[in-house]
There are 2 protein chains.
Amino acid sequence: MARSQPDVGEVDDVDLAILAVLTARADITNKALAERLHLAESTCAHRVRVLRRRGLIIDTRARVDIAALGFPLRAVVNVRLGSHTKAGVTQLFQALTQIPGVIEVFHVAGEDDFVLHVAAADAHALRDLVLEHITVHPSVRSTETHLVFDRRDGVGVLPAG
Amino acid sequence: MARSQPDVGEVDDVDLAILAVLTARADITNKALAERLHLAESTCAHRVRVLRRRGLIIDTRARVDIAALGFPLRAVVNVRLGSHTKAGVTQLFQALTQIPGVIEVFHVAGEDDFVLHVAAADAHALRDLVLEHITVHPSVRSTETHLVFDRRDGVGVLPAG
DNA sequence: CATGAAACTTAGCTGGC
DNA sequence: GCCAGCTAAGTTTCATG
């Protein structure tokens with residue numbers, strides 16, 4: 001069962017180029033994008049619309065400076081469960097995403113069950129986040145909090161952007 | 001030195017509301033955004049421009065469906081170093097971000113030094129990513145790769161979006 | 001599929017309230 | 001902060017190779 005091809009029709013090089021640009025600067029005008037890729041504006045707009053409709057472009061989001069907003073502390077929190085019923089895991093997953101300050105949640109294989117990326121105003125707030133919102137959960141056996149010194153974007157899977 | 005206030009002027013509730021909307025849908029038109037927040041279009045456009053200039057809005061990016069692009073496997077990779085010279089750590093940090101498939105890199109405190117979020121086409125490609133690009137680095141002592149079952153966005157630090 | 005040229009929509013700017 | 005009016009710029013639609 002060779003399934004190396006995505007389940008979403010074909011994605012040619014032009015599509016990839018569009019995606020590469022848009023993942024870096026989604027607010028580029030269609031006109032500028034078309035120029036950069038040597039496409040007609042109408043063609044470019046059409047391809048972008050199709051990429052959206054096919055779900056290859058999920059959405060577009062502004063990135064805000066969380067530190068400047070008053071949350072300069074970041075941490076990676078590993079969460080380990082005691083029991084592993086499917087319902088319990090699913091429910092906790094959802095609950096974790098709803099905790100104020102939680103930026104993303106990974107459900108992972110291994111000894112730890114969840115890896116969270118969180119932001120907090122200071123060490124005190126970080127402690128409260130972990131103790132009052134995570135550890136408190138009955139199915140949580142333990143947590144491990146690692147302060148983030150720095151975070152950077154990787155190049156991802158797309159060609160040169 | 002109380003420094004609870006961000007170093008970027010004031011951010012009032014309207015600004016926060018703008019940021020909340022834009023972090024969810026950056027492609028909303030200024031007109032629609034103004035309506036939703038009960039602002040005049042001119043006021044709304046002005047505030048958004050100021051938020052950009054102040055750096056509170058960093059940029060805006062399209063999110064692509066990496067799995068549909070042919071990279072359905074995700075993993076969290078913990079990287080531990082042998083030596084910890086500042087130059088070595090900095091250089092490795094940069095190198096990790098440049099590895100194809102690496103989505104984000106955290107430099108963290110604790111026994112592990114880096115936490116990576118990566119995408120790969122299949123288990124084989126994932127192994128190659130780790131062995132050929134990470135483990136191979138002289139200052140890397142060990143790695144731990146955890147398959148990601150699922151990933152979700154958290155609510156973050158902004159009010160209801 | 002891609003294109004160019006219409007009608008339509010939006011953003012950016014100005015002065016004035 | 002809001003309004004109004006204006007101009008430039010961008011987007012969408014459609015008929016056509």
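Me: How many aromatic pairs does the structure hold over all chains?
Reply: Rings of Phe, Tyr and Trp (its six-membered ring) pair if their centres lie within 6.5 Å; planes under 30 degrees apart count as stacked, over 60 as edge-to-face and the rest as tilted. This is a predicted model, in which local features need pLDDT of at least 70, side-chain atom pairs count only at pLDDT 80 or more, and totals for chains, interfaces and linings use all residues. Side-chain values use heavy atoms, with hydrogens and water left out. Over all chains, the number of aromatic pairs is 2.

Me: Why is the pair of A:Phe93 and A:Phe114 tilted?
Reply: The ring centres of A:Phe93 and A:Phe114 are 5.4 Å apart. The pair counts as tilted because the planes are at 40°.

Me: Which strand of chain B holds B:Phe114, the partner of B:Phe93?
Reply: B:Phe93 and B:Phe114 form a tilted pair, 5.4 Å centre to centre with 40° between the planes. Helices (H or I, at least four residues) and strands (E, at least two) are DSSP runs, numbered from the N terminus. B:Phe93 lies in helix α4 (residues 86-97) of chain B, so the pair ties together parts that are 21 residues apart in sequence, and B:Phe114 lies in strand β4 (residues 114-120).

Me: Is B:Phe93 buried or exposed?
Reply: Buried means under 20% relative accessible area, exposed over 50%, partly exposed in between (1.4 Å probe, protein chains only). B:Phe93 has 3% relative accessibility, so B:Phe93 counts as buried.

Me: Which residue has its charged end over the ring of B:Phe93?
Reply: A charge sits over a ring if NZ of Lys or CZ of Arg is within 6 Å of the ring centre and within 35 degrees of the ring normal. At 4.1 Å from the centre of the B:Phe93 ring sits the charged end of A:Arg152.

Terms used: Residues are numbered from 1 along each chain as its sequence is written. Chains are lettered from A and ligands numbered from 1 in the order in which they are written.
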